[in-house]
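Open the model in your viewer and keep the selection tool ready.

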Amino acid sequence: MAVRLQDYVNIVGESTLRQIEQVGSRLRGSRVVHVNSTKEGGGVAEILHRMVPLMQDLGIDASWEIVSGPEEFFQATKTIHNSLQGFPDVLTPEFQKVYQETSEENAARLRENLEDADFVIIHDPQPAGLLDLCPNRRGKWIWRCHIDVSTPNRATWRFLRERVKNYDASIFSLPDFAQPLPHPQYLIPPSIDPLSQKNRDMPEDMIRKTLVQHGIDPERPMALQVSRFDKFKDPLGVIQAFQICSKRQDVQLVLAGGGASDDPEGEMVLREVQNAAAVLEDVHVLVLPSDAHKIINCLQRGASLVLQKSLKEGFGLTVTEAMWKGRPVIGGDVGGIRLQVIDRYNGFRVSTPEGAALRMRYLLQHKEKAHRMGENARAYARQNFLITGQLRSVLALLEVSRHEEERERLEVFI
Amino acid sequence: MEDTVFSLRTCELLAISTGKKARTLQELRDALGEVPASSLHYHFWGRLMRPQIGESEYNNDFAWWAGHSLGERALAERLSVINPGDYPTLEDLREDMIYLLEDRMDEGDFFSWARSSYPFFFTRAQMLIFDTGTTINNPRELGAMLESAPNSSVFYHFVDARRRTPEGEDDFCYWLRQFGEDMAPLRKELGNLDPHLLSLEELQRQIVSIVENYFAFSGGE
């Protein structure tokens with residue numbers, strides 16, 4: 001059954017829902033099209049799986065399209081992704097060519113739909129080239145950047161900037177990521193859905209059963225990192241932290257993740273992780289399908305602590321998921337994690353495997369403090385990072401962007 | 001004259017990057033001279049709308065950055081004591097801040113090359129205003145209404161109002177004017193409440209307390 005906005009009332013309260021309904025009523029009947037590159041795997045797809053039905057529940061004609069392309073296209077976009085996050089990958093002329101050709105093929109398929117929409121929200125670099133290929137567009141186009149572009153490879157940014165500069169607005173997760181662009185750059189953190197399979201409450205017996213099924217001892221402490229097998233998530237650094245921690249501490253490590261259909265590099269990283277884990281006791285590498293939401297939910301609820309030791313991170317949705325489940329988080333001191341993990345309040349931010357090991361040991365030894373940090377984490381997630389808040393901000397942005405002249409204050413109820 | 005009915009609003013801030021950032025004090029000073037005045041408002045007052053954990057060491061984003069990212073604790077204290085409510089306009093506030101930064105840069109022990117551990121990102125915001133559906137038309141109902149109001153209502157009616165009412169009053173005082181001299185002591189007490197050092201929760205509690213005490217002990221009306 002499709003989720004309804006009213007289903008969230010016991011979580012976020014009447015006041016928030018009333019605000020969403022007020023701004024939603026201004027947009028009733030508008031055609032909003034979201035475009036990204038995958039419907040399965042990754043945080044963007046998860047957000048859209050809930051954002052689109054909630055917009056529809058408000059009477060907005062919302063839909064979701066994806067761009068498709070050959071493997072070379074996704075290699076090119078992965079290169080763009082990596083180099084925007086500061087890695088020295090080079091966007092070769094061949095990659096630029098396949099990006100442009102694939103954008104044109106997708107534009108031919110989607111043009112009519114996109115040109116007719118009142119609002120088009122383009123997610124990340126993969127579909128960014130569509131705007132220039134829809135010359136008769138009548139609506140407002142928003143570019144939503146989910147990745148950390150605080151220190152991008154300049155050549156790659158110039159390539160992308162040419163494709164996003166003509167948008168009406170862009171959205172970044174943090175001020176650190178905003179880049180000079182000739183349009184307003186809104187700052188909206190991404191969110192999780194507390195009612196999704198991945199985040200809703202789970203019975204204790206199911207949590208135990210899931211742990212046992214995956215070879216994890218539910219009676220022993222467990223540290224968990226859930227994320228794609230991606231070098232930016234530093235799974236090898238997590239294993240290194242586990243090695244240091246487990247010298248003096250009884251602990252199991254679970255690295256759980258899967259690939260996404262737009263991530264061709266994942267296989268290689270996974271092999272490296274499996275090789276490193278093969279020689280260690282108590283390290284479990286779980287390769288899960290993209291729809292293993294209940295398993296992820298049980299793993300997070302069964303964990304003593306959760307790691308997200310990223311080296312680069314736009315915004316760690318798995319961090320918010322763990323926080324929502326009342327787990328303290330040890331996160332890399334990068335990107336959006338700085339906004340999510342408040343050092344010593346709901347977890348720790350670290351810069352090295354050694355730092356992660358130290359904090360793991362601390363949390364495992366100080367169970368009361370770990371519990372209190374977990375409670376703080378849940379409250380913080382509720383206040384700041386749930387889908388209802390993001391929906392309200394995105395709707396507000398759409399409403400604001402309809403007005404040609406920017407106003408400092410906008411009454412949305414009239 | 002004012003409307004007899006008071007309609008309770010809430011608000012949300014939609015943050016927008018100005019595209020300006022600073023890594024050194026010189027860069028902060030230069031950008032401060034260029035950013036829209038609304039960015040100053042965001043960094044002094046907008047912080048009240050953001051999550052606050054425990055007691056805040058400094059009272060605005062500039063002071064926090066100077067203290068924590070630049071390691072300039074003395075400057076942070078000087079910035080933190082600035083009460084934006086003391087300035088008739090944000091331009092006056094901007095001017096004073098620039099003087100203060102320049103004074104620090106002129107001091108003998110200042111290292112012009114000192115870089116912060118984390119940049120200062122100048123941000124501004126657009127405000128979205130929502131209706132709560134709650135109205136009152138009697139000042140005696142004000143306390144009860146505010147007790148159950150969202151924090152953001154306090155921000156809208158007590159903090160933001162000072163920029164949009166004719167004499168820089170909060171919305172409550174402005175509304176109470178129409179009820180004559182009986183309300184003058186209450187208006188005076190509310191007017192004396194300084195939001196500079198308070199969180200929205202504290203501010204809300206204090207406003208409710210002032211209003212309820214007034215009607216309980218002064219029998220005003």
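**Stop one: the interface**

Select chain B with chain A: 30 residues of chain B touch 31 residues of chain A, contact meaning heavy atoms within 4.5 Å. This is a predicted model, where local features need pLDDT of at least 70, side-chain atom pairs count only at pLDDT 80 or more, and totals for chains, interfaces and linings use all residues. Residues are numbered from 1 along each chain as its sequence is written, chains are lettered from A and ligands numbered from 1 in written order, and side-chain values use heavy atoms, without hydrogens and water.

The two chains, B and A, bury about 2,700 Å² between them, 57% of it on carbon and sulfur atoms. Buried area is the accessible area (1.4 Å probe) that two parts lose on being put together, summed over both.

Now look for salt bridges (a side-chain nitrogen of Lys or Arg within 4 Å of a carboxyl oxygen of Asp or Glu). The rule finds 3 across the interface of chain B and chain A. Select Arg163(B) and Glu408(A): they form a salt bridge, with the closest N and O atoms 2.6 Å apart.

**Stop two: helix 1 of chain B**

Select residues 25–32 of chain B, helix 1. Helices are DSSP runs (H or I, at least four residues), strands likewise (E, at least two), numbered from the N terminus. Leu25(B), Leu28(B), Arg29(B), Ala31(B) and Leu32(B) are buried, that is, under 20% relative accessible area (1.4 Å probe, protein chains only). Their cover includes strand 1 (6–22), helix 2 (37–44) and helix 5 (90–106) of chain B.

Notes
Buried < 20%, exposed > 50% of the residue type's maximum accessible area, 1.4 Å probe, protein only.
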